[in-house]
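Me: I have a structure open and want to learn how to read it. Can we take it feature by feature?

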Amino acid sequence: MGGSRNAARRMGGSAKAASVLHGALTSLASGQPLPQELGIDPQTLAGRTPVELADILVDAIRPIDGTQDAEVTRDSVARALSDILAQHNDLTNLTTEQVDQVTASTLGYDVAHRIELDVGKAIIDKAPTKGEGLERLQEMKDYIREVVAAEYAAERARGSVVGHSSIERISREAIQQTFEVFEEEAGL
């Protein structure tokens, strides 16, 4: 993987997807037009169910292109949106805290997926047993999601506006922290 700094740099796509989702959900909540970069015609959203709206957002944020990166990001955005829909069945009326929750969840899921793809096999192979390796990988994925949530909460507590640059920084710092904690033990 090349160490914590290299891992953080390589996983920059996670931050971009989370940032675009944050902007889209913020726009929907405030009644503003969706960011043009999504390419969504506002008329196509009329009368859509919350699940259909979530699917439209997933497709716009990360279109299918046959790559593993795209599938990981699509899955992460879909999971985060599904999580919030289970709590609040209206993506057009989320609070700032709920938008933050979805953004942090997307980032956490995406980074955890990417870490699993990049170093999961090495973690499992270097463990005394496959079961211990799988447990260690799960610990790493859980840890990254906790770090992302904590970093995100700290950003909000400082009263900062959460935007693309802060989401990138949160992503970078969470990845670096995770690899600093796990890389020596796992031989990454």
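Me: At what angle do the axes of α4 and α5 cross?

Reply: Start with the terms. Helices (H or I, at least four residues) are DSSP runs, numbered from the N terminus. Axes are lines fitted to C-alpha atoms, for helices over the stretch in contact, and angles run from 0 to 180 degrees between N-to-C directions. In this predicted model, the axes of α4 and helix α5 (residues 96-126) cross at roughly 145° and come within 8 Å. The crossing of α4 and α5 is right-handed. A crossing is right-handed if the near helix is turned clockwise from the far one by less than a right angle, and left-handed if anticlockwise.

Me: Which residue classes make up the contact of α4 with α5?

Reply: Ala, Val, Leu, Ile, Met, Phe, Trp, Tyr, Cys and Pro count as nonpolar; Asp, Glu, Lys and Arg are charged; the others, Gly among them, are polar. The contact of α4 with α5 has 8 nonpolar, 9 polar and 6 charged residues.

Me: How do α5 and α6 cross?

Reply: The axes of α5 and helix α6 (residues 130-157) come within 8 Å, at roughly 150°. That makes α5 roughly antiparallel to α6, a label for angles over 145 degrees. Their contact holds 15 nonpolar, 5 polar and 7 charged residues. The α5 and α6 crossing is right-handed.

Me: At what angle do α3 and α4 pack?

Reply: About 155°, with the axes of α3 and α4 9 Å apart. That makes α3 roughly antiparallel to α4. α3 passes α4 in a right-handed crossing.

Me: How much space lies in the largest pocket?

Reply: Rolling a probe the size of a water molecule over the atoms shows where empty space is left. On a 1 Å grid over the protein atoms alone, with a 1.4 Å probe, a pocket is an open set of points with protein on both sides within 12 Å along at least five of seven lines; lining residues have an atom within 4 Å of a point. Grid points are joined across faces, edges and corners, and a volume is the space filled by probe spheres set on the points. Here the largest pocket holds about 160 Å³.

Me: Which helix supplies the largest share of its lining?

Reply: α2, with 4 residues. α2 (12-30), α3 (50-61) and α4 (68-87) each supply at least two. The lining includes Lys16, Glu37 and Arg114.

Me: Where is confidence lowest?

Reply: pLDDT is the predictor's confidence in each residue, from 0 to 100. Confidence is lowest in helix α1 (residues 3-10), at a mean of 55, and highest in α3, at 95.

Me: Which ground rules apply?

Reply: Residues are numbered from 1 along each chain as its sequence is written, and side-chain values use heavy atoms, without hydrogens and water. Local features need pLDDT of at least 70, side-chain atom pairs count only at pLDDT 80 or more, and totals for chains, interfaces and linings use all residues.

Conventions
Parallel < 35°, antiparallel > 145°, perpendicular 65-115°, else oblique.
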